[in-house]
Amino acid sequence: MRMSQGVEWALHVLLTFAWLDDDEPVPSAQLAAQHDLPVAYLNKQLQALVRAGVLESLPGARGGFRLARTPDAITLLDVVVAIDGPTDAFRCAEIRQRGMGEHMPRSAFVEPCAVHASMRRAELVWRRELAAQTVAHVRAEADRHAPAAAAAVRRAFGRDANPATT
């Protein structure tokens, strides 16, 4: 399965919000400019995150977007489902009943398809892992890899270099 690029961008934006570490809304145009993305493209991802309850949209001249939940309450699965939808990655088309299987008795197909069962087990493990990882985990890993990134993001968005809370 391949996730859309929208998932990656959404996670980078959520990491940005985690680094900003405040409740001030950020306009989509500013987020798009800082990530070198078209506003319309990013706005589509932001609206999907709003519908999923991950972001809040605040109207008005000083409006924009902000986290609706804390970074430790937003899972990677929340983001994948918000952007790419809840549909399973593997969809069994029962191809075992075509071709060579076309002339087999129906009794050969009473048990679930082994390919489908195997893929379903793998997808459940994948989804559990996504559900176990949060934006806070991503931030912690990013902080280890690039300790100065949070301060750089805060400066880029006109916030002071020190987080409001620790």
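Trainee: Leaving aside its neighbours within four places in sequence, which residues is Leu 31 in contact with?

Mentor: Contact here means heavy atoms within 4.5 Å. In this predicted model, Leu 31 is in contact with Val 13, Thr 16, Phe 17, Val 26, Leu 42, Leu 46 and Phe 157, once neighbours within four places in sequence are set aside.

Trainee: Which residues touch the most other members of the largest nonpolar core?

Mentor: A nonpolar core joins buried residues through side-chain atoms within 4.5 Å. The largest such core has 35 residues, and Leu 31 is listed with Leu 14, Phe 17, Leu 49, Leu 55 and Val 79 as touching the most other members. Two or more residues of this core come from each of α1, α2 (28-34), α3 (39-51), β2, α4 (76-84), α6 (135-145) and α7 (149-156). The most is given by α1, with 9 residues.

Trainee: What volume does the largest pocket have, and which residues line it?

Mentor: The volume is about 200 Å³. The lining consists of Phe 17, Ala 18, Asp 21, Asp 22, Asp 23, Arg 66, Leu 67, Arg 69, Thr 70, Pro 71 and Arg 139. Two or more of these residues come from each of α1 (5-20) and β2 (64-67). By class, the lining holds 6 charged, 4 nonpolar and 1 polar residues.

Trainee: Is Gly 158 buried or exposed?

Mentor: A residue counts as exposed when its relative accessible area is over 50%. Gly 158 is exposed because its relative accessible area is 65%. This glycine, Gly 158, lies in the segment after α7. Its C-alpha atom is separated by 41 Å from that of Leu 124, 34 residues apart along the chain.

Methods
Residues numbered from 1 in each chain as written. Predicted model: local features only at pLDDT ≥ 70, side-chain atom pairs only at ≥ 80, totals over all residues. Heavy atoms only, no water. 1 Å grid on protein atoms, 1.4 Å probe; cavity = no way out; pocket = protein on both sides within 12 Å on 5 of 7 lines; lining within 4 Å. Points joined across faces, edges and corners; volume = space filled by probe spheres on them. Helix = DSSP H or I, 4+ residues; strand = E, 2+ residues; numbered from the N terminus. Nonpolar A, V, L, I, M, F, W, Y, C, P; charged D, E, K, R; others polar. Buried < 20%, exposed > 50% of the residue type's maximum accessible area, 1.4 Å probe, protein only.
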